[in-house]
Amino acid sequence: MCIRDRVAGQQVAPVRRRLAWVRSGQQARPSGTGRRAASKRLKGIHSTVISKRRSRLLAAVRRQKSAAGGRYSLAARNLESGEEVLVAPGEVFPAASVIKVPLLTGLFAARDEGRLDLGDEAVMQASDVVGGSGVLQEMHVGLRVTLRDLAHLMIVVSDNTATNMLIDRIGLEYIEAFLARHSLTETKLQRRLFDLEARKKGRDNLITAQEIVRVYEMLHRADFAPLVPESCRECLDILERQQHSEKLPRDLPKTARIASKPGGLDDVSHDSGLIVPREGPPYVIAVFTADFAIRARADEAIARTSKLVYDYFTGG
């Protein structure tokens, strides 16, 4: 008589069950000792299969790290089991546009504390306008835009001018205090975007993979005071409208819900997000790269790492 079990979608080898016989010659149920022994053997098989799957994942991730070249950081957490996949998760990187996620949460924190209203308007000044991504740089100086619209522009099309306008309205000191309140001590918003003079003086925007996944997790769990649950959901709704999908979301099923924010500089390429598969546990992930020789290889490594983690957490 055999017991068969399925672990992570794979059929494992049969385990022989010892049968207990009564003196009359009739078959009886396994003894308590037999049941415990069989259960122990099955647990051992389960652990072995999981360990092998994880080993294969980590080996594949190491290959992507090598392919990216330069520095590479990965932080991913299954929000049901708590299992993590980590590669240098605490390494500090230039934040690039991923810093817009903490800024978004700071905007809603300020709103929920009564410091501002998202319907308030900001007037675009010449000093706000910077290059890079976004559409506001194509608009006329003096344009009036609500803070809510600035938030959407900052995330959905990664508008740098909108970002600077929000930094000015919220204030660097408020953002710093808000992040410190949640022990996000390595995440630093210390200057406006494209402020090269501040960067020369050592004031840069910095981030780690392990801290940005915490931000996504707190939003998902609606546990990010002073943000109320409705504000957490609205932040994720905005992030889900992200239009740049060439890295983290590229190889994932279209059925997965993805709230994400990538970022990049000349020698930096990042992506980060909350992934909610149709079937499988939600998880958070950030893949950061820098100091690479070929940008396309770093971007490819991010996309492939994302798919590896998705398949692992969903049992694919």
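1. What share of the contacts in the chain between residues at least 6 apart in sequence join residues at least 24 apart? The share is 64%, where a contact means heavy atoms within 4.5 Å. The model is predicted: local features need pLDDT of at least 70, side-chain atom pairs count only at pLDDT 80 or more, and totals for chains, interfaces and linings use all residues. Residues are numbered from 1 along each chain as its sequence is written, and side-chain values use heavy atoms, with hydrogens and water left out.

2. On confidence, the mean pLDDT of the chain is 89, and 84% of its residues reach 70 or more; pLDDT is the predictor's confidence in each residue, from 0 to 100. Over residues 1-28 the pLDDT is below 50, although this stretch has 47 contacts in the model beyond near neighbours in sequence. Where pLDDT is low, the predicted coordinates should not be read in detail.

3. The secondary structure comes to nine helices and 16 strands. Helices (H or I, at least four residues) and strands (E, at least two) are DSSP runs, numbered from the N terminus. Of the 316 residues in the chain, 46% are buried. Buried means under 20% relative accessible area, exposed over 50%, and partly exposed in between, with a 1.4 Å probe and protein chains only.

4. Helix α5, residues 172-181, has a buried group made up of Tyr174, Ile175, Phe178 and Leu179. Seen down the axis of α5, these buried residues fall within an arc of 130°, so they line one face of the helix; the arc is that of the directions from the helix axis to the C-beta atoms. An α-helix has 3.6 residues a turn, so residues three or four places apart point the same way. The buried residues of α5 pack against α2 (100-112) and α4 (160-170), whereas Glu173 and Glu176 are exposed on the other side of α5. Ser183, with a positive phi near 60°, follows α5.

5. Ala88 is not a glycine, yet has a positive phi of about 45°; Ala88 belongs to the loop between β8 (84-87) and β9 (93-94) and is partly exposed, with a relative accessible area of 35%. Phe194 also has a positive phi, near 65°. Phe194 is in the loop between α5 and α6 and is partly exposed, at 47% relative accessible area. A cis peptide bond, with omega about 5°, joins Ala225 and Pro226, and Pro226 is in the loop between α7 and α8.

6. Asp159 is found in the loop between α3 (147-156) and α4. Is Asp159 buried or exposed? At 1% relative accessibility, Asp159 counts as buried. Leaving aside neighbours within four places in sequence, the contacts of Asp159 include Lys100, Gly134 and Leu153. Ser133 is another of these contacts; Asp159 and Ser133 are 26 residues apart in sequence and 5.4 Å apart in space, C-alpha to C-alpha.

7. Ser66, in helix α1 (residues 32-68), is exposed, with a relative accessible area of 60%. Ser66 and Ala301 are 235 residues apart in sequence, while their C-alpha atoms are 8.8 Å apart in space.

8. The largest pocket has a volume of about 610 Å³. Of the 28 residues lining the largest pocket, Ala96, Ser97, Asn160, Gly264 and Leu265 are the closest to its centre. On a 1 Å grid over the protein atoms alone, a pocket is an open set of points where a 1.4 Å probe fits, with protein on both sides within 12 Å along at least five of seven lines, and lining residues have an atom within 4 Å of a point. Grid points are joined across faces, edges and corners, and a volume is the space filled by probe spheres set on the points. The largest share of this lining, three residues, comes from β14. By class, the lining has eight nonpolar, ten polar and ten charged residues. Here Ala, Val, Leu, Ile, Met, Phe, Trp, Tyr, Cys and Pro count as nonpolar, Asp, Glu, Lys and Arg as charged, and the others, Gly among them, as polar.

9. The second largest pocket holds about 230 Å³ of space. Among its 13 lining residues, His220, Leu236, Glu240, Arg257 and Leu274 lie nearest its centre. Helix α8 gives the most to this lining, with five residues. The lining of the second largest pocket divides into eight nonpolar residues, one polar and four charged.
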